[in-house]
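I opened this notebook to record what I looked up, element by element. The entries follow the order in which I checked things.

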Amino acid sequence: MPDRNQLRSCRTFSSPRFVAGWLSSQLDGCFSGLSDENSLLPFTFTLTGITDYTNEGGCKEPPVSFSRLPCSGAASACPPGKSEHAWSPADRQQKMAKLQEPGDGLGEGILVAPELDGSRLAGNRLNLDVYPDGCHQFLDLFDKQRKEVTQVEFLRLNCNEDLIISTLAILPALRTLKSLVLKGGHARDEFGACQRGSLTTLPPDFGNLMCLTHLDLSFNSFSSLPSCITHLANLSVLVVSHNCLVGLPEDFGHLTKLTDFFAIKNHLRDLPQSIGELVALKNLDLSENTLESLPEEIGNLYNCMELNLSGNRLTHVPDSLANLGSLHQLHLHSNLLVTVPASLANLPNLFRLDLQNNRLRYIPPEIQSKPFVHLRGNPLGEPEMPLTPDESSSGELQRLVLAPDENSFTVTPKGCKALLACGIRLYFPPGAATTSITIHFQTLVPDPQWVKLRHHDILLSKVLELQPHGLEFQQEVQICMPYASTQTIHEREVVVRTFSGQSWSDLGTKVEWKRKTKKHMALCSVPHFSWFLVISQLVENKCSVPREGTLLFSTVDPNIKVTFPPGVTEKPRTIRLQVLTVSPDDLKEIMGDPESRASPLLCLSQNSSLDFLRPVKVQLPLPPGVTGLDLTLDHSRVHLLHGDLQAQIWDDITDQVVLEFTHRYAIFEVTHFSWYWLWYTTKKYIGGMAKKVYERLRMYQVNFIALQRKKDPEQVLLQCVPKHKVDPVLKKLHDRYRGPEPSDMVEMFEGEQFFAAFERGINIDADRPDCMDGRLSFIFYSHLKNMKEIYVTSAMDRKDQAVKGQVSFYRGAVPENVPEDASRRRKGPDSHWLATLPIKLPKLKLHQGDPSNGFSFPPLNLGNEETGYLTQANLLSIARRIGADWQTIGLNLGLTYQQIERIGYNNREDLDRQILNMLFSWAQQNSEDQNCVEKLVTAMKESGRQDIADEIEAIIDLGRQKYRESIRRVGLDQGSSTEDSAIAMV
């Protein structure tokens, strides 16, 4: 008999013909040696065990078990008149040929006697994934032998088949099911690569399979884990390798019995905190993803024995990994690690720590001395590589650290490194400047009239302006800008964009995670200065098309490709390709129609206005659940749409092109580029429906919050928060603020303007530069804070009763591209109204009131006409905001301890008088100082009151603007510089 090692040498058991042929050659010399007593042929070979996917298309060898079936009567497979041990080689060949006939196998890894011909059921097992029509056979068996099928405990199906979606609907009826394999990868494309299955979701009642302990969904097209999986309370093994997962659900920790989880080769970028609740987990394999960080809660997996995080983008790992006392193997190779915690050396059961191919220059001695640590491929002991080739002498460069009140510095021909207070870093290599140059900088709030975002762009930073403009450096200057973490999925990329004076363009950008500062940084190099910002955009694939033609793939979805035939153009053209994926869940939520499906959106553009000389072939994947070779496919439901985003129109061009269908793709030809979208639906007027869906995909669901400081109710915080961030924001503010529940959810566009208006007795300073017609102006950017903290007052008498007012939020204007149904949902008498929240100013205590009551001030103005004034009214407004910080602010303004003590003692029962006395005493002493306003701003920042410093600067900026306008009106302006014009744009 062949031994187990021989059987294990067969690495692929996907074909019954292959297995039967192999067994024939192996068994040919084995039967003749069997005695009569042992003649119990034919044998049944069963390959059992759970497949552990270690590479694309490969698997570990499963264990093998042998059993013998008696040969008797009509069920005998023996040739007539012969006993089994008397078979000739010809008889045995005839027998094996019979085994190789199509339809006789039971599935992958199982060969049985012909007694089971005509049935695929083998006890409680049903293996149909090796048959080209396995799903069809399953449906047929379910109709004819429903009772037996519903008792099946082990089921394998091929997700590359057309009927897999129909088959899924039946699976929840198999209540005794313990092991389910719904795997793709059985078919291969023209290049020999495994094709993913078509599964993108599971039926909602799939979570009712309470007996299910093993689930394999590998080699499919899931972009998110179906929510029903977390309801499988007894699930112990989950395999989702080789999918398109970008994240795991927040309630993933509900799978408390999970012992093995494999998510190899997906697009996971982060993990939910609830992963720490998987206390039974023993094996966790997240290799070949895009993880950039790990939650601290991963250290709660106390029973984990093997953890594989190789092939990710980790720059560090949390110290909590040292809590994994049961860990045997930790695989961290092929990451971007620059450090590892020394506490890993204390793991008591660890016998393999793989740190190969990282960026480790230093290893703690405790770890390096361990014999089980693997460090090959790290730059140990090497100096840190310079950021640019010319930075080899960076150690000699001057390092400048700018204070918050500084807005310029000098660069010499020797070069320098500059760290701005806002976290921006600038690197000037030696020789970049031929003479000493003064560099001016400022950060600006983006104005949507100037900062034009493209569709699906996300703004991640403020605008950085560097001057002088237009000056060409001898060597490129490197800019490193911090940006808001996106936690975006794999179809997005982060780029720095620059303004040329006419338009915005993208720069070559590299992104890094700075562990010390815990910031994401975007790096670029420029030959001259202008305006810069960081955005997240759809991944852009581009190529140059020569006369000979070429092929362009999407890295987001490799199934999308564009073929340019020879002679398509006379001169080379640059082609850009972008893809926007649309999840079935989002489409269903927007449409309310589970029958409508859509492919990813494809955007094609070029740097030429000319049409192509020959048609260009475009391949798009069919919508989920639709197969082109299905004879029941209704072609009248397939629609190809062409989008004109400027006109906001989606045209159905199905009748204008020839659509060809393969098993999974639709292919068509075009001569010019735009947006293309493939739909499968029974609806009419598909263009209007697509427009509605497209616009809703661009909108963000947000809530408004209005909170008041607990210590000072007149200080109000307003913020517009994306829905998924509301709870963390409120938790962070809970200790210092109180207020009503957030508003109902509303929808807004990236870069959309909205206003906040205080009503019913609540007032604000109408002279604020961000105040228009009594309403505060905001611009919504989904990844920026959208927050303002302001002081409110009331003209009503608060001595006897509180003032119950409100703040309402309004759109600046209803954009033309807001879907009609979204406009209809708006309530209230004002069509621009979004939400209203209550604001309550409490009844004044005896020591409160008008801070100037009983306290007189001489006329006082700080500053001058050109720099802007702080008037007495401005100082009174500032005094209302200072509160208990007045002593710290007074000391930073230069008052002595004795002066502070005297002011406190003379007004010991009245905080308002203490503040006013301190502030106006300082103002009177410094009223002749031309820099007194700048000193006041600096003192506020040093005292931790950035909010007051921002208000003072806003008042001064408004004063400068009014002064310039008055000069222009009387004709005294001698002309404005280019830089002033640029500032005016903002």
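**Entry 1: a proline in a loop.** I started with Pro468. I found Pro468 in the loop between β22 (463–467) and β23. Gln467 and Pro468 are joined by a cis peptide bond, with omega at about 10°. I noted for context that most peptide bonds are trans. I keep in mind that this is a predicted model.

Entry 2: I followed the chain into β23 (residues 477–483), which pairs with β19 (residues 425–428). The pairing is antiparallel and runs over three bridges. I looked up one partner: Arg425 is bridged to Cys480 in β23.

**Entry 3: the sheet around them.** Which strands make up the open sheet, and in what order? I read six strands in the order β16-β18-β19-β23-β27-β26. The pairing in this sheet is mixed. I marked β16 (398–401) and β26 (510–514) as the edge strands, since each pairs on one side only. From one strand to the next, the twist averages 20°.

**Entry 4: two positive phi values.** Most residues other than glycine have a negative phi. I logged two exceptions.

- His242 is not a glycine, yet its phi is positive, about 55°. I placed His242 in the loop between β9 (237–239) and β10 (260–262).
- Arg760 is not a glycine either, and its phi is positive at about 60°. I placed Arg760 in the loop between β45 (752–759) and β46 (771–772).

Are these residues buried or exposed? His242 has 4% relative accessibility, so I count it as buried; the cut-off for buried is under 20%. Arg760 has a relative accessible area of 60%, so I count it as exposed; the cut-off there is over 50%.

**Entry 5: strand β29.** I checked which side of β29 (residues 540–545) is covered. Asn541, Cys543 and Val545 form the covered face. Glu540, Lys542 and Ser544 form the uncovered one. I then looked for a pairing strand. β29 runs antiparallel to β32 (residues 573–580), and six bridges join them. Val545, on the covered face, has Arg573 of β32 as its bridge partner.

**Entry 6: a helix pair.** How far apart are the axes of α14 and α15? For α14 (residues 897–906) and α15 (residues 911–925), I read 9 Å between axes and a packing angle of about 140°. That angle makes α14 oblique to α15; the class roughly antiparallel needs an angle over 145 degrees. I also noted that the crossing is right-handed.

Next I listed the contact residues. α14 contributes Gln899, Ile900, Ile903 and Gly904. α15 contributes Gln914, Asn917, Met918 and Gln925. I sorted this contact by class: three nonpolar residues, five polar and no charged ones.

**Entry 7: the protein overall.** I finished with totals. I counted 18 helices and 52 strands in the secondary structure. Of the 986 residues in the protein, 50% are buried. I also checked sequence separation in the contacts. Taking contacts between residues at least 6 apart in sequence, I find that 59% join residues at least 24 apart.

Key:
Residues numbered from 1 in each chain as written. Predicted model: local features only at pLDDT ≥ 70, side-chain atom pairs only at ≥ 80, totals over all residues. Heavy atoms only, no water. Buried < 20%, exposed > 50% of the residue type's maximum accessible area, 1.4 Å probe, protein only. Helix = DSSP H or I, 4+ residues; strand = E, 2+ residues; numbered from the N terminus. Pairing = 2+ DSSP bridges. Axes fitted to C-alpha atoms, helices over the stretch in contact; angles between N-to-C directions. Parallel < 35°, antiparallel > 145°, perpendicular 65-115°, else oblique. Left-handed = near helix turned anticlockwise from the far one by under 90°. Contact = heavy atoms within 4.5 Å. Nonpolar A, V, L, I, M, F, W, Y, C, P; charged D, E, K, R; others polar.
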